[in-house]
Amino acid sequence: MTTATFTGQSEEPAPGSQASYLTAEGFTLRSWLLTKDHKRIAILYTISITLFFFVGGAAATLIRFNLVTPPGLFQPDTYNRLFTMHGIVMVWFFLIPSIPTTLGNFLIPLMIGAKDLAFPRLNLLSWYLFVIAGVLGLIAIGAGGVDTGWTFYTPFSTMYSNGYVVLALAAVFVSGFSSILTGLNFIVSIHRLRAPGLTWYRLPVFCWSNYATALILVLATPILAITLALVAVERLLKVGIFDPALGGDPLLFQHLFWFYSHPAVYIMILPGFGVISEIVPCFARKPLFGYKFVVWSSIAIAGIGFFVWAHHMFVAGISLYAGLVFSLLSYIIAVPSAIKVFNWTATLHKGWISFDAPMLYALGFIGLFTIGGLTGLFVANLAFDVHATDTYFVVAHFHYIMVGGMVSAYFGGLHYWWPKITGRLYPEWWARIAAILIFFGFNLTFFPQFILGYLGMQRRYASYPPEFQIWNVLSSAGASILAVGYALPLFYLGWSLWRGQKAGPNPWAATGLEWRTPSPPPPHNFDVTPTVTRPPYQYRPDPEPQDV
Amino acid sequence: MSETPLAPQDLGRLHLEPQYATARQQAETAAFGMWVFLATEVLFFGGMLFGYTYLRATFPEGFAEAARETHVIIGTINTVVLLTSSFTMAWAVHAAERDRRRATALLLAATALLGLLFLGLKGLEYYKEWEEGVVPGLNFHKDGPNAHVAAMFYYLYFMLTGVHGLHVTIGIGLVALMAVRAWRGGFSARYYTPVEVTGLYWHFVDLVWIFLYPLIYLAGRSGP
C-alpha cells in the first residue's frame, strides 16, 4: 500500500530536476523499511498514525453510539474497555507522535537547511519502536482490552483490573522510548545542523515549537516509563509502593503519572502552535506579530508545564496549600498561551487574508483553542474544579485543546505542506468543505459536553440519567459530522496523489527554506547548502522570496 | 591535536554522514547527543528516586531499620570498584586522544573487567539477600510492625540496583566493543568519538551509583 501509493510518482519525475526522495531510493518495500531519509520516515509515521487515528476514532464512534440512549448499548465493562482504548490509542499512538514525527520529521531538516536529522538511524529505530509498541497495543486490544482508563490509576490497575494491563503498559513503555529518541534527534539537530546564517531568532516558529516539545519529550517521558514499569512489576509480583494494602500510596502514583502526563498535554499542543504560526503569516501575507514573544512563550510553556501537574489531583487528597500553589501556577501558564492567541490575531490585523483550507484550519484552531484554554482556567480554579472534576466539563475542555486544537493544526499542516510532501496540490474545494465540516461537527460534538459536565454528568459511565439525553444526542450527532469531516481527506488527498495538479516548489509563495527546494524534495533536500540572510516571515513589505 | 589533513584510512573510518559538513561537527554532535540522552536517563532514575524520597519521608523509621540490614561492606567495595573503573575509563579516553592504541585498548578492557567485578559482587549480594529472605514478592520472610515498609524499601532497592545493573551490563558491552575496536586500530587522535561517547555513558552509570550508595547503604546507620 505504502509503496504502491507513492510509486505513482515514479512515472512522471518532476520536470528539469533529479529524482525526488520518493523515487531516488527505488520503489521496493525494502527501500522504505530500511530508509534513513527523514522524509521517508515521516511518511512511514504518517501511515502508522493514520491507522491508529482510525482505530481510536472507531472506539470514539462506539462510545458516542453507546451514549445516545441513557441506559447505554454496551455492558459497562465493554464500555470501560472502549474509552480506555480510545484514550490510550489517541494519546500515545496518535496525538503525541502526530505533528512531531510526521511534519516535524519531514520539515525540521528542510527548515534548518540540513540534509537530514543528526541521527538518521536513530530516527528509523524510533519508528520501529513505535511499530512494536503499536503491535503490543493492538494485541492488548485484540485479546480483550484494558479497563483502567488511559491513566492506569493504582490500585485498580495493579490489583483489581482484569484487563491486559501489563501488555498495554508495555506498549506505552516502548512508545515512550520512540518519543524520547525523536525528541533527542530534534534537539540535537536544531542545535547543531542549522544552515549558515540561520541564527536562533531566524528559526521558523515551527522549529522552536518542536524544540520546546522535544525538551518535554526528553525530560518527561522517562518518568512515565519508569512509573509504568513500577506499576507492571507491582501488578505481576504483588509488591510495590502504590497499593495502600501493601503500605504504599496511590497519590505517589498520581504524582509520578501527572508529572509526565501534564507536560504531555503540552506535547499534544505545542507542535500545533508551531503549525499555526507558519500558516497564519503566509495566508495573511504579513510577518508574524511579536516573533520573540511567540518563541519564548513556547519555551515558557515547556518550562512551567513541569510545575502544574497536581491540578489533576485537587480532589485526590493533596493539601490545600499544595492545591493553592498548583492552582496559581496553572493560571500562570495560561499567560504564554494567551500571548500566542493575541499574536496570531494581531498578525491577521490589516493582513491580506485568503481563506484557503490550511487557513480555515488555522482560524478554526484559534477559536477552538481559545475556548479550550479559557475553560482550562475554570478547572484550574480550586472551587470550580471540585464541581467539575470527572465530569464532561473536563472531557469537553481537553478535547477542545487536543482535538479542536491539535488535530485541526495537524490537518492544517498536512494540507499546507501536502504540495511539498507529495509534489501535488490537493483539491481546494473539497479541502475547504472538510475543514468547515470538522469545525462545526467538532463544536456540535463537544460544546454540549460543557453543559452536560456543568449539569453534573460524570465521565466514564456507560449509562446516565434520562434528563441528559438531549445533550448526548446532540453530541453524538455532531460526532457523525466530525467523522465525515475526518474521513473526507483520506479520499481527496489519496486522489490527489495521482490526479492532483503538479505543485511547483512554492505554491503558496511562502517564505522558509522548505519552499526553496523542489516539491517533492530531492533525497538530500538541497543541492547547495542554503545561506540565510533574513528573519522568517518576510511577507511584507518585501514579499519576494529570500535569496538562497 | 594536529590539523594535518586526514589520511585516507582515517577518512574511511570516519563514516562522515551527508548531513555533516566536517568530521569535527559530526564528533561534537555525537557527544551532544549523548548528553541529551543522559538527561533522559537522569529523569528515568529520578522517577524511582522520587518514590524513594517520598516513602522515606513517610516512613523514616521503617526505612532506616531496613537500610541498616543492607550489606554495607559489599556496597562500599563496589563503590570503590566502580570509581576505579571510571578512572580507567577517563584514562582510556586520554590515551585515545594521544593515539596510544595499546594503552587505550588495555584501559578499556580494565574498565570492562571492573564492571564485571561490580556485577559479580552485586550478584553475591543478591544471593545473600535471597538467603536472608528479603526479596519482596518472591522470597520475603520478615515480620514485625515495619515489615511492609521493609518490603517497600527492598522493592525499591531491587528496582534501583536492578535498573542500574542493567545499565552497567550495557556499559560493559559497549566498553568491551570499544576495547576490541581500539585494539584493532579503529581509532586515532583524529577519530575517537565512540570511545569518548562511551566514556560519557560509563561515567553517568558510575554517577548514578554515587547517589544510590548513600541512599541504600548509609541512610539508616547514623541513628540508634
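This passage describes the overall fold of chain A and one of its helices, α11, in a predicted model. Residues are numbered from 1 along each chain as its sequence is written, and chains are lettered from A in the order in which they are written. Because the model is predicted, local features need pLDDT of at least 70, and side-chain atom pairs count only at pLDDT 80 or more.

Chain A contains 18 helices and zero strands, where helices (H or I, at least four residues) and strands (E, at least two) are DSSP runs numbered from the N terminus. The radius of gyration of chain A, taken over C-alpha atoms, is 23 Å, close to the 24 Å that the globule rule (2.2 Å times the number of residues to the power 0.38) gives for 548 residues, so chain A is as compact as a globular protein of that length. The C-alpha trace spans about 70 × 50 × 40 Å along its principal axes. Of the 548 residues, 62% are buried, that is, under 20% relative accessible area with a 1.4 Å probe and protein chains only. Among contacts (heavy atoms within 4.5 Å) with a separation of 6 or more, 82% join residues 24 or more positions apart.

Helix α11 of chain A comprises 15 residues (residues 270–284) and should span 21 Å at 1.5 Å a residue, which agrees with the 21 Å between its end C-alpha atoms; the expected span is 1.5 Å times one less than the number of residues. This helix, α11(A), is mostly covered, with 15 of its 15 residues buried, and just after α11(A), A:Arg285 takes a positive phi of about 50°.

Definitions and conventions. Side-chain values use heavy atoms; hydrogens and water are left out. Buried means under 20% relative accessible area, exposed over 50%, partly exposed in between (1.4 Å probe, protein chains only).
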